[in-house]
Amino acid sequence: MRVAIAGAGNVGNSIAKELLENGHEVLLIDRDPSRIAVEGLPTAEWLLADACEISSLDEAALQRCNVVVAATGDDKANLVVSLLAKTEYGVPRVVARINHPKNEWMFDEKWGVDVAVSTPRLLSALVEEAVSVGDLVRLLRFSQGDANLVELTLPKDTALVGVTVGEVDWPEDTALVTIIRGGRVLIPTAEEPLAALDELLFVAHVDREEELEELLSPATGSAS
């Protein structure tokens, strides 16, 4: 997979490093010469250019990319990069960083954004996760389809402990995608029993979040 990352700061570099370790092709684009650190990521491609300029994106051959990540520290720049990537180059998947939560409402399909990531939201989600077993925590917002990636930690006293995934009457428009248990990542097969303090990751429609949280609560958790 070929990935272009606009913004070679700490966030962009961290994403690039992980993608490279997983065997992907990565192109980092930044207009600040001090951020072109080839020695730090020698297997990445580097381009000293303004990612908001069509000429720069032409040089980057953005049409060859499977994913574009707008990871600069400027929300306006991230929106422009996202829009150009989607409308001018037809990039299948565009991920954008939100620096200021007040701007979150703009990061949607109208600006070419498929997935919007708010660093403050992720940080607050990690805090909430540590103190709120049983509460729904929104991790990511998918602009297409009004869906979110949400996490719920299964309380010890819910009736769903010991019930298999296939026996649970999950709400419509929700999908259990991962179970994190004791540091392990499990694929949720129908035969997998749920355990207390499992971290359950769902893709869920925004209108189903309350129903999902109620299902997994200690008072009302039940199987089909």
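Okay, one definition before we start: two strands count as paired if DSSP finds at least two bridges between them. Keep that in mind, and keep in mind that this is a predicted model.

I want to talk about strand 4, residues 67-70. Let's begin on the strand 5 side. Strand 5 covers residues 93-98, and it runs parallel to strand 4, with 4 bridges joining the two. If you want a spot to look at, Val68 sits opposite Val94 of strand 5. To get from strand 4 to strand 5, the chain goes through helix 3, residues 75-87, and that β-α-β crossover is right-handed. Helix 3 itself lies across strand 1, strand 4 and strand 5, at about 175 degrees to strand 5.

Now the other neighbour. Strand 1, residues 2-6, pairs with strand 4 as well, again parallel, over 4 bridges. Here Ile5 stands opposite Val69, and Ala6 has Ala70 as its bridge partner.

So where do the side chains of strand 4 go? Well, in a regular strand they alternate between the two faces of the sheet. In strand 4, Val67 and Val69 point one way, Val68 and Ala70 point the other way, and all of them are buried.

Zooming out: we're in an open sheet of 11 strands with mixed pairing, and the order is 3-2-1-4-5-6-7-8-11-9-10. At the edges you'll find strand 3, residues 45-48, and strand 10, residues 184-186, each pairing on one side only. On average, neighbouring strands in this sheet are turned by 20 degrees against each other, ignoring direction.

Note on methods: Residues are numbered from 1 along each chain as its sequence is written. This is a predicted model: local features need pLDDT of at least 70, side-chain atom pairs count only at pLDDT 80 or more; totals for chains, interfaces and linings use all residues. Side-chain values use heavy atoms; hydrogens and water are left out. Buried means under 20% relative accessible area, exposed over 50%, partly exposed in between (1.4 Å probe, protein chains only). A crossover is right-handed if, with the strands pointing away from the viewer, the path from the first strand over the helix to the second runs clockwise. Axes are lines fitted to C-alpha atoms, for helices over the stretch in contact, and angles run from 0 to 180 degrees between N-to-C directions. Contact means heavy atoms within 4.5 Å.
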